[in-house]
Amino acid sequence: MSLERKDEMDHDGWMQSKELSPVERGYLTVLIWLDRRLRIVDYLEVLENLYYKVNLQMPKSHTEQYNLDNKFWYWYPLYALGSFSTIAYVVAAISGALLGFYYSPATTGDPTAAYSSITYIMTELNFGFFLRSLHRWSAQVMVAAVFLHMLRVYFTGAYKEPRELNWIIGIVLISLTMVFGYTGYLLPWDQLAFWAGQIGVEMSLSIPLAGEWVAQLLFGGFTLSQATLQRMYIIHVFLLPFVATTLIAIHIGIVWMQGIAEPH
């Protein structure tokens, strides 16, 4: 018997002692090569531990805890509103990205170019009318679904401990949904958009102390101009999607960890 200490890192010797298929041997060879340089296995172990911790959901839902599956069947459609609003958001995001290929907020200081691009999409672009309608209706469905989802959470007491943080995130998300709707409402730059923007300017100016600063920041001044349209476009297309997507991912992740809160 050899008294030499066994090398726990002798991967080649370990592989030779196993009956491995060519595919398994190739996979392990690549993994060992990467692990020696990038510590891949350590990160995989961290992800594995995180996965098992995340799947230890708490607390149990009321139907699981009290075996009430046959009592609350009529609540179940209301518990699909969160998923429904997420699906509507995804549809709005995809259709909005496709509209972005043909929409122009302004050119050379002329904001009416936005209206011209909308006219082109609606009248000349193949499936343009359908695409813009899909974007508009998915956005409206999202607003309605988020609002009803918040009502369901409130009236079923799902905002209580330990779900207070997710309730606050939900409030932020419904606020972002309203901002999404308002900024998108201004992008066509038609009569409805113009007067909605004018109302926004007046509301900003009515804010005590900081009103003029807010109007200049959000609308580019005290009257509507190309700067107004440019700001609404940047907020709607570049800022809000990243913030909203991040918060939605966190929101769903917390629901995954805590489980569904069903009616008391």
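In the largest pocket, H7 gives the largest share of the lining, with nine residues. Keep in mind that this is a predicted model.

How do we find such space? Rolling a probe the size of a water molecule over the atoms shows where empty space is left.

Now, the largest pocket. About 1,200 Å³ of space lies there. Its lining has 38 residues. Which of them lie nearest the centre? They are His135, Ala139, Gly184, Tyr185 and His236. Look at the helices next. Two or more lining residues come from each of H5 (81–99), H6 (112–123), H7 (128–155), H8 (164–186) and H11 (226–258). And the classes? In this lining, 25 residues are nonpolar, 10 are polar and three are charged.

On to the second largest pocket. This one holds about 670 Å³ of space. Its lining is made of 31 residues. Nearest its centre you find Gly82, His149, Asn166, His251 and Val255. Which elements give two or more residues here? H5, H7, H8 and H11 do. Which one gives the largest share of this lining? That is H8, with seven residues.

Let me recap. H7 gives the largest share of the lining in the largest pocket. In the second largest pocket, H8 does. Find both helices on the screen, then trace each pocket from there. Thanks.

Key. Residues are numbered from 1 along each chain as its sequence is written. This is a predicted model: local features need pLDDT of at least 70, side-chain atom pairs count only at pLDDT 80 or more; totals for chains, interfaces and linings use all residues. Side-chain values use heavy atoms; hydrogens and water are left out. On a 1 Å grid over the protein atoms alone, a cavity is a set of points where a 1.4 Å probe fits but cannot get out, and a pocket is an open set with protein on both sides within 12 Å along at least five of seven lines; lining residues have an atom within 4 Å of a point. Grid points are joined across faces, edges and corners, and a volume is the space filled by probe spheres set on the points. Helices (H or I, at least four residues) and strands (E, at least two) are DSSP runs, numbered from the N terminus. Ala, Val, Leu, Ile, Met, Phe, Trp, Tyr, Cys and Pro count as nonpolar, Asp, Glu, Lys and Arg as charged, and the others, Gly among them, as polar.
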